[in-house]
Amino acid sequence: MADETTEFTPLNFKSVELGDGRSGKRSKPEDSGPLPFKAKLVTLAAVLGGFLFGYDTGVINGALVQLADRQPNWKLTDSKKELIVSSAIWACAVGALLAGTINKYLGRKISMMSGAAILTAASFMMALAENWETLVFARAADGIAIGFVSMTGPLYIAEQLPNDWRGPMTVCYQLLITIGILVGSILAGIFEPVANGWRWTLGLSCVPSSIMFVFLIFMPKSVRWLYFQGRTDEAKRILQELRGTEDVNVEMEEIAEDFRKTNDDKSLGGRGCNLLLNMLRNIA
């Protein structure tokens, strides 16, 4: 028996008729309209994580040049410079892995707030570092925090916003990474003539991280995470606030369906694992 397949186009679904003559139709998703103010604040809080990711990447290049010239007592060899730079990168990978567990048990909001708090503390540590070892440690802490926010930010956006806003706002998150790299590079150049300018450039990341932390205090927890924790009434109330309407029953039903599918796939014998095994068998 031939099965009906569906051709997907942006914001639209178009059925394709196959050999058996059957066809089906799926309605075009409705435009959710402009984002309510609270949903905009949620997005702003999350995309700041992208800016911090980019800033941390861009600022270290200029700071390292100044360190080599103005901290001769640190006796920076190439290996030490590589460790200063790479410590944040491998720590970011560790942070992203840890964020999965934190997201599951404590929620997206707590994960991002933890990242913002660690980032702020690490910024001060980098700015006040008296030796290269302290700088490596602070960079590693900074990397773990970046891992938290980079893993959780897009997820938080996707779970809080309407379907037709998720893509554009996630693109904004990626755009803020690029802007962060640009701003970090520009500030490194501005502070180059300043004595101990590297301390300023590394320490200034505490500004957006502090703003992010304060914003998140007033932001709601993830609707889906609340539902998955059995707090359905709270999830529905927050969803109504984010959508600016009392009529959220359809979306709540979608979340409930996702919850059921997640429970079905929890074991290693779930459909996701079976799909992966089938792919590997086909490759072999």
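Colleague: At what angle do helix 1 and helix 2 pack?
Modeller: In this predicted model, the angle between helix 1 and helix 2 is about 165°, and their axes are 10 Å apart. That makes helix 1 roughly antiparallel to helix 2.

Colleague: Is that crossing left-handed or right-handed?
Modeller: Helix 1 and helix 2 cross in a right-handed way.

Colleague: What about helix 1 and helix 5, how do they pack?
Modeller: Helix 1 covers residues 37-70 and helix 5 covers residues 163-190. They pack at an angle of about 30°, with axes 6 Å apart. Helix 1 and helix 5 are therefore roughly parallel to each other. Their crossing is right-handed.

Colleague: And what are the angle and axis distance for helix 1 and helix 7?
Modeller: About 155° and 9 Å. Helix 7 is made of residues 206-217.

Colleague: Why call helix 1 and helix 7 roughly antiparallel rather than roughly parallel?
Modeller: Angles over 145 degrees count as roughly antiparallel, and the angle for helix 1 and helix 7 is about 155°. The two helices are therefore roughly antiparallel to each other. Helix 1 passes helix 7 in a left-handed crossing.

Colleague: Let me step back. How many helices and strands does the protein have?
Modeller: There are 11 helices and two strands. Along the sequence the pattern is β-β-α-α-α-α-α-α-α-α-α-α-α.

Colleague: What share of the residues is buried?
Modeller: The protein has 284 residues, and 41% of them count as buried.

Colleague: Changing topic: how many salt bridges are there in the whole structure?
Modeller: A search of the whole structure gives seven. One of them joins R108 and E159, with the closest N and O atoms 2.7 Å apart.

Colleague: Where do R108 and E159 lie?
Modeller: R108 is in helix 3, residues 108-127, and E159 is in helix 4, residues 132-160. The pair therefore ties together parts that are 51 residues apart in sequence.

Colleague: Are R108 and E159 buried or exposed?
Modeller: R108 and E159 are both buried.

Colleague: Why would such side chains pair at all?
Modeller: As a general point, side chains of opposite charge can pair when their charged atoms come close.

Colleague: Which residue does R243 pair with?
Modeller: R243 forms a salt bridge with E251, and the closest N and O atoms are 2.6 Å apart. Both R243 and E251 are buried.

Colleague: And what does E241 pair with?
Modeller: The side chain of E241 meets that of R237 in a salt bridge, 3.1 Å from N to O. Both residues sit in helix 9, which spans residues 232-243. They are four residues apart, about one turn of the helix.

Colleague: How accessible are E241 and R237?
Modeller: E241 has a relative accessible area of 31% and is partly exposed. R237 is also partly exposed, at 42%.

Colleague: How far is E241 from K38?
Modeller: The C-alpha atoms of E241 and K38 are separated by 7.4 Å. Along the chain, these two residues are 203 residues apart.

Colleague: Where is L98, and how accessible is L98?
Modeller: L98 lies in helix 2, residues 78-105. Its relative accessible area is 42%, and L98 is partly exposed.

Colleague: Last topic, the backbone. What is the phi of K75?
Modeller: Phi of K75 is near 50°, a positive value in a residue other than glycine. For background, most residues other than glycine have a negative phi.

Colleague: Where does K75 lie?
Modeller: K75 lies in the loop between helix 1 and helix 2. K75 counts as exposed, at 65% relative accessibility.

Colleague: And what is the phi of N196?
Modeller: N196 has a positive phi of about 55°, although N196 is not a glycine. Its place is in the loop between helix 5 and helix 6, the latter being 197-203.

Colleague: Why does N196 count as partly exposed rather than exposed?
Modeller: N196 has 35% relative accessibility, and exposed means over 50%. A residue under 20% would be buried, so N196 counts as partly exposed.

Methods:
Residues numbered from 1 in each chain as written. Predicted model: local features only at pLDDT ≥ 70, side-chain atom pairs only at ≥ 80, totals over all residues. Heavy atoms only, no water. Salt bridge = Lys/Arg side-chain N within 4 Å of Asp/Glu carboxyl O. Buried < 20%, exposed > 50% of the residue type's maximum accessible area, 1.4 Å probe, protein only. Axes fitted to C-alpha atoms, helices over the stretch in contact; angles between N-to-C directions. Parallel < 35°, antiparallel > 145°, perpendicular 65-115°, else oblique. Left-handed = near helix turned anticlockwise from the far one by under 90°.
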